[in-house]
Amino acid sequence: MRILGLGYLGVNAESLSDWLDFGPNLLGLQAVDKTGKTLAFRMDDRRQRLHVEENGRTSMEYFGWEVRDSAALHAFAAHLEGHGYHVIYGERWLADQRCVTELVWLLDPAGNRVELFHGAEIAAAPFVPGRNIGGFRTGAMGLGHAVLTCEKMSDLLPFYTEILGFGVSDYVLEPFKAYFLHVNPRHHSLALVETGQRGVHHLMMELMHFDDIGHAYDLAHQRGDEIGVTLGRHSNDHMTSFYTHSPSKFMIEYGWGGREIDPNDWQPFELTEGPSIWGHNRSWLSDEANEVAHAMLRRNADAGLRRPVNVMPGNHRQMSANCGWWDSLVRNGR
Ligand SMILES: [Fe+2]
C-alpha cells in the first residue's frame, strides 16, 4: 500500500478563457472536453491531467494521488479511517469526471482536498500539445510536483509522512521551514512550506527537452506574462526552471532536467545551500530578502557549486571530451 505519484489536479478559475490561452499557448497543454464552466487538459497519454472549473475562485480544489489498484485504495481508506479521518467514497459520476476507475477523498489537516484513486483512463487519440513542445516528463514519475504553503508545518507534515507514507528527501529550517517529499524517484512530488498561510505556491511541470523551457521563457516575456521567478537551477532537485503566474494565481514552475532519487535508499538531510545553485530571482522579495538570496548565490558561485545535468535517452548527445585536462579531472572523480 503506497502512493505511486501525483496523478491529476483540480484547478479553480475565475475565467476559463484565460486558461484556454495560457494552458495551450504557453505551457503546451492540450485542451479537451470543454463545457460552459469546465475545461480539461491533457499532458500525455492520459485522458485528463488538469481539470479547471470556472467558479469565481482561484488556487486548487483537489489533488489526485494515484495508488495501484482497488485493493490498495481500500486499504488506504481503512488505514485513514483507523486514524480518525473522515473518508468519502467517490460516486460513479465523480470517478467519471476524474476519468478514473475509483476514488476516495478526504481533507488533510489544513483543509486541502486529497483524493486517492486508481485506474486512470488512457485516451484513444494521441497527445497533441497546444504548441510545438517535445512532451512532458510524466509516466511513473507522476505529472510533476505541487508545493503547498501552510500555517504550521507540524500540523501538516505528519499527515503526509506518517499517515500517507511520503518520504522526506530534504528540508530547510532557516529562514523558513520547508519539507520536500517523495513517493517515487522524482525528488519531490509534494513540498510543504511554512508561511503562516494555507495555499498553493506552485505546480511544477517538467519538459523532456531543455529548449522547450527556453522557448517558453521567450514566449512568457513576449506575451507579457508575469515572471514570478527568473530562470535558475534548484539545489535539491537540480531542476532548471522559471516560474510564471497562472490565471489561478498559483505559479507554474516550468522545468527541465530534474534528478531521480532511489526512494529505497535515501537519507533525508538539511539543505544549507539555499533553494538555487544560480538564478531564480523571486519577484516578490523585499530588498533585505533579496540581499540574503543574492548572498547565498554568491556563496554558491564562490564555492563552485556544480551538479551534473540529468538527461534521458533521446534528449541529449554525448560529446567526445578530447581534452587532457578534463580527462584527468574525470579520472580523479572531480
Ligand atoms: Fe518546484
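Me: Which residue in S3 does Val32 stand opposite?

Reply: Strands of a sheet pair through backbone hydrogen bonds, either parallel or antiparallel. Here, Val32 stands opposite Ala40 in S3. S2 and strand S3 (residues 38–42) run antiparallel, joined by 3 bridges. Two strands pair if DSSP finds at least two bridges between them. Strands (E, at least two residues) and helices (H or I, at least four) are DSSP runs, numbered from the N terminus.

Me: What should I know about the model and its numbering?

Reply: The model is predicted: local features need pLDDT of at least 70, side-chain atom pairs count only at pLDDT 80 or more, and totals for chains, interfaces and linings use all residues. Residues are numbered from 1 along each chain as its sequence is written.

Me: In what order do the strands of the open sheet lie?

Reply: The order of the 8 strands is S2-S3-S4-S1-S5-S8-S7-S6, with mixed pairing. Strand S2 (30–32) and strand S6 (88–89) are the edge strands, and each pairs on one side only. The protein has 7 helices and 18 strands.

Me: How many residues are in the largest nonpolar core?

Reply: A nonpolar core is a set of buried Ala, Val, Leu, Ile, Met, Phe, Trp, Tyr and Cys residues joined through C-beta atoms within 7 Å. A residue is buried if 20 or more other C-beta atoms, placed from the backbone, lie within 10 Å of its own. The largest nonpolar core has 68 residues. Leu192 is among those that touch the most other members.

Me: What share of the protein is buried?

Reply: Buried residues make up 37% of the 334 residues.

Note on methods. Buried ≥ 20, exposed ≤ 12 C-beta atoms within 10 Å, placed from the backbone.
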